[in-house]
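Here's a quick briefing to read with the model open beside you. Take a look at the structure first.

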Amino acid sequence: MSNDLAIETTGLVKVFGSNRAVDGVDLAVPTGTVYGVLGPNGAGKTTVVRMLATLLRPDGGEARVFGKDVVKDAESVRSRVALTGQYASVDEDLTGSENLILLGRLLGHTKPDARDRAGQLLDAFGLTEAAGRQVKNYSGGMRRRIDIAASILNTPDLLFLDEPTTGLDPRSRNQVWDIVRAVVSQGTTVLLTTQYLDEADQLASRIAVIDQGKVIAEGTKGDLKASVGSGAVHLRLRDAAQRPDAQRVLAAALSADIVLDADPLALTATISGTRGDQGAAEQAGRALAELAHEGIVVDNFSLGQPSLDEVFLALTDKKKPAGPSAGTGTETTDVKEGAAA
Ligand SMILES: Nc1ncnc2c1ncn2[C@@H]1O[C@H](COP(=O)(O)OP(=O)(O)OP(=O)(O)O)[C@@H](O)[C@H]1O
Ligand SMILES: [Mg+2]
């Protein structure tokens, strides 16, 4: 058992009836980092978090938090962790400020200390103006921020953030991300669950992708991206008649899957990983230059991150037994030579 691990699980299992919600999960979360657990609805993320936070008893396997068993040493684990939205039960009828002071008092702070800490947190989370308002009148983003503030009243060694930004607008998501970064800079380890690849990308140093209760990929962001492909290039041409040529040029320049969109002017190319030492942006730049060179006019261009859908497609594709065309990723490249004008 390494002392550098905040969380270590081996073969963790949780069964609900006949549903193996968590089906043999191994995790190793280094201390002092943000660890992302990425997965779709029902993957088992919350169930893993609840077992680690001692709220749910595992049906199999082992889980340790800072070396302590979550079942046998539950008390000790509980003293070092916080879970947003669970332990930190914010009362809707109280104001933001009242909530934080009350929780501070419950945690044993003196009244002046509780007031000071509440003031600091409200300030740090941009909630000073809303401090005197009832939480039930907060926006989704404000609500998420007060939840996190409440869970770090006493700086925990390990903070579980279960989908902290689901449903938030981009500005509120950025605020929450800044808060997570600030929490980690104070030495807290964060286990963050999310359905968004970009969120894991922004915050996490390592990521486990889980699906149907199993870890289907694990590694650094770089590892994951390399295994998934680094981006999708969306192009819109000026002239639909040039699309077959564009498709041919892109297929050659990117050795990528080219998908013809329903819009007759549009194409999408998925760039798979790095090519030599070229990243996605560099590859896309070169492809654009090739198109210009061939006299193909591009009206609109964007380079997007792979979506979670694409991640899952790529990862589940890899799990299929290798067949004649498995894993080559060329099935959708449909360059019809004869169609070129
Ligand atoms: N208390 C419970 N009783 C019965 N089944 C449950 C219970 N909690 C979770 N499940 C089931 O376990 C599976 C995993 O659920 P879980 O909530 O862990 O997923 P999740 O990854 O957190 O999903 P989401 O992104 O929607 O929050 C699901 O099939 C869910 O229906
Ligand atoms: Mg969940």
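This is a predicted model: local features need pLDDT of at least 70, side-chain atom pairs count only at pLDDT 80 or more; totals for chains, interfaces and linings use all residues.

Residues are numbered from 1 along each chain as its sequence is written, while chains are lettered from A and ligands numbered from 1 in the order in which they are written.

**Confidence**
- The chain averages a pLDDT of 85 (the predictor's confidence in each residue, from 0 to 100), and 84% of the residues score at least 70.
- Residues 320–341 fall below 50.

**Overall make-up**
- You'll find 11 helices and 14 strands; these are DSSP runs (H or I, at least four residues, for helices; E, at least two, for strands), numbered from the N terminus.

**Around ligand 1**
- The shell (C-beta atoms, placed from the backbone, within 6 Å) includes Phe16, Gly44, Lys45, Thr46 and Gln195.
- Helix H1 (45–52) and strand S2 (19–30) each supply at least two shell residues, and H1 gives the most, with three.

**Nonpolar cores**
- A core here is a set of buried Ala, Val, Leu, Ile, Met, Phe, Trp, Tyr and Cys residues joined through C-beta atoms within 7 Å; buried means 20 or more other C-beta atoms within 10 Å of a residue's own.
- The largest core has 67 residues, with Leu52, Leu100 and Phe160 among those with the most contacts inside it.
- A second, separate core of 18 residues includes Ala232 and Ile258.

Conventions
Two residues are in contact if their C-beta atoms, placed from the backbone, lie within 7 Å. A residue is buried if 20 or more other C-beta atoms lie within 10 Å of its own, exposed if 12 or fewer, and partly exposed in between; C-beta atoms are placed from the backbone.
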